[in-house]
Amino acid sequence: MKRSSLTLAAALLTLAAAAQPRVTWLETDHNFGAFSEDDGAVTAVFRYVNTGTEPLVITGARANCGCTTPRYSPEPLAPGDTAAVRVTFDSRGQAGQFSKKAYIDTNTTPDRTTLTVRGIVIGSEASVAQRFPVDMGRMRLSRPAALLGTVAKGHIKNVYLKAYNPSVTDSLRPAVADAPEWVDIVMAPPAAGPAEQIALSFLVRPDRTPLYGVVMDTVTVIPDPVGHPADRYRLPIVVTINEDFSRLTEKDYAKAPVARLSTERLDLGDTKAGEPVTAEFTITNTGKSPLKIRRIYTTDPGIAIRCKATTIKPGKHAPVILTVTPPSDATLLNARITVITSDPLTPLQTLRLVATVH
């Protein structure tokens, strides 16, 4: 009797397990191929069948991107019937290759199915021009220069500059040349298919240069070194390199050097265009440790700077000689001299140089 009861219970459990909805998808992946961004939203239809014995219900759906929307009927689907989930992808602002996913939850075991829509969006002329305004022939860039921000000595920094392959048929494997020693540049990924994006990855290594402050250079970009090696473009790159004072203690600051400029403004008075004028200011170390002069420079033309000292002992000073040749097309001179030292409190100081030009 006991064995009969166990057998009956097992049979009932088997029947209960069999009496369940079951979802069978006729497709779970849809490739739109290549299409224009001007086409706007495109929709893929994913059909499914209830191959179980109880009503099938979709309990929820979501996508991994706001540009993708799954739509479905919440009504129960009877055993043997077929229905569909429509997944819409909005291509606006999505130029390039894409792969988006929609997650569909049902009252089945397992309860989740992943649907995928993929393809290549050929960017519209207006969209590409807005997002990648810099024309480099067979490739376009998002910015006219690589602005790499600020990085301290002893550290590295990675910055990306986006690029785009506007071709609808040809792939690109761009290259760079003539890069300064303080930056490594690679393409990520190394190739871009039709209408795909690629990034120039700049790895800044400030310890490879003795310079501090604003450092400007250029790098040669070759969009298609195999098919069109002669097509070369100069890309400006800019970075600001600082000294790292982050590990200094209060005791270190108390013993640190202190840089004092003799003036914050030099007025040369009336000057003649094209005729050199000499001016001078001094840097004094009022601190307790030797002061290292990291760099003295200006981005204004016609100004030569000379300072023989590289280190100033406590209580001493060093002269800085400026030779100024006023430009012929100016009536006023308003230049900025940047002084960078090992003073941890004021490592960067500026001096204004003014004059009236006749």
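User: What does "buried" mean for a residue?

Analyst: Buried means under 20% relative accessible area, and exposed means over 50%. The model here is predicted. Take Asn 165: its relative accessibility is 1%, so it counts as buried.

User: Where is Asn 165 found?

Analyst: Asn 165 is found in the loop between E12 and E13.

User: What does the side chain of Asn 165 reach?

Analyst: It reaches the backbone oxygen of Ala 192, at 3.2 Å. Leaving aside neighbours within four places in sequence, Asn 165 is in contact with residues including Arg 138, Asp 170, Gly 193 and Ala 195.

User: Ala 195 has come up. What is its phi?

Analyst: Start with the general idea. Most residues other than glycine have a negative phi. In this structure, phi of Ala 195 is near 60°, a positive value in a residue other than glycine. Ala 195 is found in the loop between E14 and E15.

User: Is Ala 195 buried or exposed?

Analyst: Ala 195 is buried, because its relative accessibility is 0%. Now take Asp 178. Its phi is also positive, about 60°, although Asp 178 is not a glycine. Asp 178 lies in the loop between strand E13 (175–177) and E14. Asp 178 has a relative accessible area of 53%, so it is exposed.

User: Next, peptide bonds. Which residues does a cis peptide bond join?

Analyst: The general idea is that most peptide bonds are trans. Here a cis bond joins Thr 109 and Pro 110, with omega about -5°. Pro 110 sits in the loop between strand E7 (96–106) and strand E8 (112–122). The peptide bond from Ala 188 to Pro 189 is cis too, and its omega is near -5°. Pro 189 has its place in the loop between E14 and E15.

User: Which residues is Leu 141 in contact with, leaving aside its neighbours within four places in sequence?

Analyst: The list includes Phe 132, Val 134, Leu 161, Leu 200 and Leu 235.

User: And the surface. Which residues make a nonpolar surface patch?

Analyst: Leu 248, Tyr 253 and Leu 345 make a nonpolar surface patch of about 280 Å². Leu 345 lies in the loop between strand E25 (332–341) and strand E26 (348–357). Its relative accessibility is 65%, so Leu 345 counts as exposed.

User: Let us turn to polar contacts. With which side chains does the side chain of Thr 88 make a polar contact?

Analyst: The idea is a pair of N or O atoms within 3.5 Å. The side chain of Thr 88 makes one with the side chain of Thr 43, at 2.9 Å. It makes another with the side chain of Arg 71, at 3.4 Å. Thr 88 has its place in strand E6 (residues 82–90). Thr 88 counts as buried because its relative accessibility is 15%. Leaving aside neighbours within four places in sequence, its contacts also include Ala 41, Val 42 and Cys 67.

User: What separates the C-alpha atoms of Lys 272 and Thr 325?

Analyst: Lys 272 and Thr 325 are 53 residues apart along the chain, and their C-alpha atoms are separated by 8.6 Å. Lys 272 lies in the loop between strand E19 (265–271) and strand E20 (277–285). Lys 272 counts as exposed because its relative accessibility is 52%. Leaving aside neighbours within four places in sequence, Lys 272 is in contact with Pro 326, Val 357 and His 358.

User: How far apart in space are Lys 316 and Lys 157?

Analyst: They are 37 Å apart, C-alpha to C-alpha, and 159 residues apart in sequence. Lys 316 is found in the loop between strand E23 (311–312) and strand E24 (317–324).

Terms used: Residues numbered from 1 in each chain as written. Predicted model: local features only at pLDDT ≥ 70, side-chain atom pairs only at ≥ 80, totals over all residues. Heavy atoms only, no water. Patch = residues over 30% accessible without salt bridge, like charges linked within 9 Å, V, L, I, M, F, W, Y side chains within 5 Å. Areas by Shrake-Rupley, 256 points an atom, 1.4 Å probe, with all protein chains shown as cover. Salt bridge = Lys/Arg side-chain N within 4 Å of Asp/Glu carboxyl O. Helix = DSSP H or I, 4+ residues; strand = E, 2+ residues; numbered from the N terminus. Buried < 20%, exposed > 50% of the residue type's maximum accessible area, 1.4 Å probe, protein only. Polar contact = N/O pair within 3.5 Å; in protein donor to acceptor, adjacent residues only side chain to side chain. Contact = heavy atoms within 4.5 Å.
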